[in-house]
Amino acid sequence: MTGIRKVVTVVDEVLLELGRPVAVPVRRVATAAVIRNPWAGRGFVADLQPEVAAVAPELARLLTGRLITELGGVDRVAAFGKAAVVGLDGEIEHGGALIHTPYFGNVLRELTEGTSIIVFSDDRLPAGEPLTVPLWHKTAAATRSHYQTVQIRVPDAPRPDEIVVVAAAASGPRPNARIGDRRTDPAVRLADLEKLESAR
């Protein structure tokens with residue numbers, strides 16, 4: 001794909017938490033492509049679709065392929081997320097255009113064999129600022145154990161006329177996750193909580 005200046009991949013593997021071995025060692029990966037903003041210098045562009053259709057699928061294929069390789073296969077992808085950082089001369093909508101349409105999201109989902117909506121973050125930042133990318137379960141978004149984040153930073157990007165597009169994934173849940181999920185939660189209503197508080 002033309003127009004990619006660099007690709008950066010961050011791998012985070014958690015083995016101990018508070019000095020205790022984690023029950024399920026988890027590898028988290030974020031991979032980012034730094035591209036020239038295709039709308040840079042053009043002022044307000046009403047129709048972003050032509051560039052989205054041309055650029056987003058190729059980015060999704062490239063980044064997802066690297067995630068799968070780093071995690072050791074598609075069956076090792078348990079959670080996923082996506083993000084975009086726009087340089088200071090761009091619009092937040094430029095980053096959103098590249099990650100929030102089926103041209104990116106559907107490709108990422110299909111390649112990872114996921115079915116969930118993909119959680120995301122986006123921002124407009126100067127070069128070198130870190131971005132935290134949220135993750136959740138690829139087929140059961142409400143599975144609380146897989147709510148986690150991975151951080152990525154590209155020291156020289158995005159330049160003012162660039163966009164950093166990120167795909168991220170994890171091989172399992174948060175380290176030693178133990179806050180339950182919706183199947184085990186008690187029924188909690190605000191009125192009941194207020195009664196408990198007034199009784200104290």
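With which residue does Arg-5 form a salt bridge, and how many Å apart are the closest N and O atoms?

A: The partner of Arg-5 is Glu-162, and the closest N and O atoms of this salt bridge are 2.6 Å apart. A salt bridge here is a side-chain nitrogen of Lys or Arg within 4 Å of a carboxyl oxygen of Asp or Glu. The model is predicted: local features need pLDDT of at least 70, side-chain atom pairs count only at pLDDT 80 or more, and totals for chains, interfaces and linings use all residues. Residues are numbered from 1 along each chain as its sequence is written, and side-chain values use heavy atoms, with hydrogens and water left out.

Helices (H or I, at least four residues) and strands (E, at least two) are DSSP runs, numbered from the N terminus.

Lys-6 lies in strand 1 and is partly exposed, with a relative accessible area of 28%. The C-alpha atoms of Lys-6 and Arg-182 are 41 Å apart, at a separation of 176 residues along the chain.

The loop between strand 6 (148-152) and strand 7 contains Pro-158. A cis peptide bond with omega of about 0° joins Ala-157 to Pro-158. Both residues also line the largest cavity, together with Val-85, Glu-129, Leu-131, Ile-152, Arg-153, Val-154, Val-164 and Val-166. On a 1 Å grid over the protein atoms alone, a cavity is a set of points where a 1.4 Å probe fits but cannot get out, and its lining residues have an atom within 4 Å of a point. This cavity holds about 60 Å³, and the count of cavities of 30 Å³ or more is one. Grid points are joined across faces, edges and corners, and the volume is the space filled by probe spheres set on the points. The lining comprises eight nonpolar, no polar and two charged residues. For this classification, Ala, Val, Leu, Ile, Met, Phe, Trp, Tyr, Cys and Pro are nonpolar, Asp, Glu, Lys and Arg are charged, and the others, Gly among them, are polar.

Side chains of opposite charge can pair when their charged atoms come close. The whole structure has nine salt bridges. One of them joins Glu-58 to Arg-61, with an N to O distance of 2.2 Å. These two residues are separated by about one helical turn because they are three residues apart in helix 1 (residues 49-71). Glu-58 is partly exposed at 33% relative accessibility, and Arg-61 is partly exposed at 43%. A further salt bridge pairs Asp-192 with Arg-189, where the closest N and O atoms are 3.1 Å apart. Asp-192 is partly exposed, with a relative accessible area of 29%.

Val-188, Leu-190, Leu-193 and Leu-196 make a nonpolar surface patch of about 400 Å². Patches consist of residues with over 30% relative accessible area and no salt bridge, with like charges joined within 9 Å and nonpolar side chains (Val, Leu, Ile, Met, Phe, Trp, Tyr) within 5 Å. The accessible areas come from the Shrake-Rupley method with a 1.4 Å probe, and for residues, only the protein chains shown count as cover. Val-188 is placed in the loop between strand 7 (162-170) and helix 4 (190-199), and its relative accessible area of 56% makes it exposed.

In the loop between strand 1 and strand 2 (20-36) lies Leu-18, a residue other than glycine whose phi is positive, near 55°. Leu-18 is exposed at 88% relative accessibility.

The chain as a whole contains four helices and seven strands, in the order β-β-α-β-α-α-β-β-β-β-α from the N terminus on. Its C-alpha trace spans about 60 × 40 × 30 Å along the principal axes, and 46% of its 200 residues count as buried.

Methods: On a 1 Å grid over the protein atoms alone, a cavity is a set of points where a 1.4 Å probe fits but cannot get out, and a pocket is an open set with protein on both sides within 12 Å along at least five of seven lines; lining residues have an atom within 4 Å of a point. Buried means under 20% relative accessible area, exposed over 50%, partly exposed in between (1.4 Å probe, protein chains only).
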